[in-house]
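Keep the structure open and follow along.

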Amino acid sequence: MKALSVTAHADTGAATNSTIAGLVRLIYPAEAKDLSDFDVISNLPPGAAFRGPGGPPMAFAVEQSIDEAALRLNVDPIALRKRWDPDPNRQRLYDWASGLEIWRNRKPAQNGRYRRGIGVATGYWLYLWQPNVKVEVAVKAGRIVASTATQDIGTGTRSVLADTIAREFDLEPADIDVRIGDSSLPEGPGSGGSRVTASVMPPTLQAVRKLKAAILEQATRKPVPGSNAPWRELIARSPDIAVTETRGEDGKNTAPGIRSPLREVGLMGMVFGWMMRRFSNIAVGAGVPSSVQVIEVEVDTWLGHVRVLNVHTGIAVGKIAAPALARSQACGAVIQGLGYALYEARELDPTTGDVLTAGMEDYRIPGIADTPEIDVHFDEAGFDHVLGNSVGIGEASTVPTSAAVANAIHDAIGVRLTEIPIRPDRIVAALKGRDAA
């Protein structure tokens, strides 16, 4: 790619610090980049980040542009991304996506009322972790107890800790007591930025290794030969022991092409990284958690209704700490992205400025009937340099969804929608060559 230009105007009321164009620095290296972020300040309520701040609108714009370039160059959209994007994690995901049957068998433009299309898009997020995170793993009254002052806001922190420790001791997750949500516990991470798993996994595994050694050292009686639950027996007879470990620094040796994304930004990135660590206690690690999504839609050209039929999401975030939970996170991120693409909007009274969609009765989000088949593919390579080998999954998984939906709609009807949500009236108006009301 020779040049890339993005100008972003963030209309988020009384809020500042848009990062939409800034995030473009971390994808598709170009000989020249012209990137500008503008905050449009108004007297409306401030916008606030929910997941991947700036990422979904960035992908919605940039990934449609890449798709349009592929169309004009008459090349496969995945092949063009593979040519322009050197990131090794995403390179593997491009190979996976191009091998999908749904992609290999996609059909040319169709006629008729109902038309189907296939779209692809790429997303990523920063690998963040929190320094000085501590986890205590202990034997107390014959049970394993894990403690850290983090919280679970629905992202499954309890499950990550319980699953990881249970696997190490060959126990069931229900056998592990997880204590969180109390500031008197060892210092834990906040939930922003997909940083919890990358922060708690390393000290948890280190504490488990030391606790195992301590249990064996103090064991007065070894398990019965041939026992199918030796650790259960040892833990039941063990005295109370507690081990607390602190999250250390990642290794310096990384695979070719893997380095801190802030280095791509130059001096500005280095300053940003220092400020994040100094003032927010957040470290930006090497490597970029990434996703590639292939989505199939069906468009009713009479009514403008879009039905999402299938989603294939490939995710590269290193070792999966809790597989069932990770899949749930990935599916939830996709569903959230579908809402952003097709339904969700802050509607305002043009006279008073009052928010008309302030509650769930008026704010449309996806429901069961809107949820398609979701296939999740995890690529677990690329993060061997990370302590624990795991990084966050939630934000990387939702960034490309709206763009993949928009590209699929274009593939179906030959019209590109550049405003979200992609409502039925906007599709009908675009097909008729006019602006929506």
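Start at Y28. Setting aside neighbours within four places in sequence, Y28 is in contact (heavy atoms within 4.5 Å) with M1, L4, K33, V62, E63, I66, R81, W84, D85, Y94 and T122. A second, separate core of 41 residues includes V299, Y343, V376 and F383. A nonpolar core here is a set of buried Ala, Val, Leu, Ile, Met, Phe, Trp, Tyr and Cys residues joined through side-chain atoms within 4.5 Å. Buried means under 20% relative accessible area, exposed over 50%, and partly exposed in between, with a 1.4 Å probe and protein chains only.

A word on the source: this is a predicted model, where local features need pLDDT of at least 70, side-chain atom pairs count only at pLDDT 80 or more, and totals for chains, interfaces and linings use all residues. Residues are numbered from 1 along each chain as its sequence is written, and side-chain values use heavy atoms, with hydrogens and water left out.

Now the largest nonpolar core. It has 44 residues, and Y28, M58, V62, W103, Y124 and V294 touch the most other members. At least two residues each come from β1 (3-11), α1 (55-73), α2 (77-84), α3 (88-98), α4 (101-104), β3 (114-124) and β10 (290-300). The top contributor is α1, with six residues. Helices (H or I, at least four residues) and strands (E, at least two) are DSSP runs, numbered from the N terminus.

Go back to Y94, one of the contacts of Y28. Y94 sits in helix α3. Its relative accessibility is 1%, so Y94 counts as buried. Beyond four places in sequence, Y94 touches Y28, I78, R81, K82, D85, T122 and V292. The C-alpha atoms of Y94 and G314 are 8.8 Å apart, although 220 residues separate them along the chain.

Next, the helix pair. α2 and α3 pack at about 165 degrees, with axes 10 Å apart. α2 is therefore roughly antiparallel to α3, a label for angles over 145 degrees. Axes are lines fitted to C-alpha atoms, for helices over the stretch in contact, and angles run from 0 to 180 degrees between N-to-C directions. I78, R81 and K82 of α2 meet Q91, Y94, D95, A97 and S98 of α3.

Last, the sheet. Four strands form an open sheet in the order β3-β10-β11-β12, with mixed pairing; strands pair if DSSP finds at least two bridges between them. The edge strands are β3 and β12 (373-379). β10 and β11 (residues 306-316) pair in the antiparallel sense over 10 bridges. V299 has V306 in β11 as its bridge partner. α3 packs on this sheet, touching β3, β10, β11 and β12, and its direction makes about 35 degrees with that of β10.

Key
Parallel < 35°, antiparallel > 145°, perpendicular 65-115°, else oblique.
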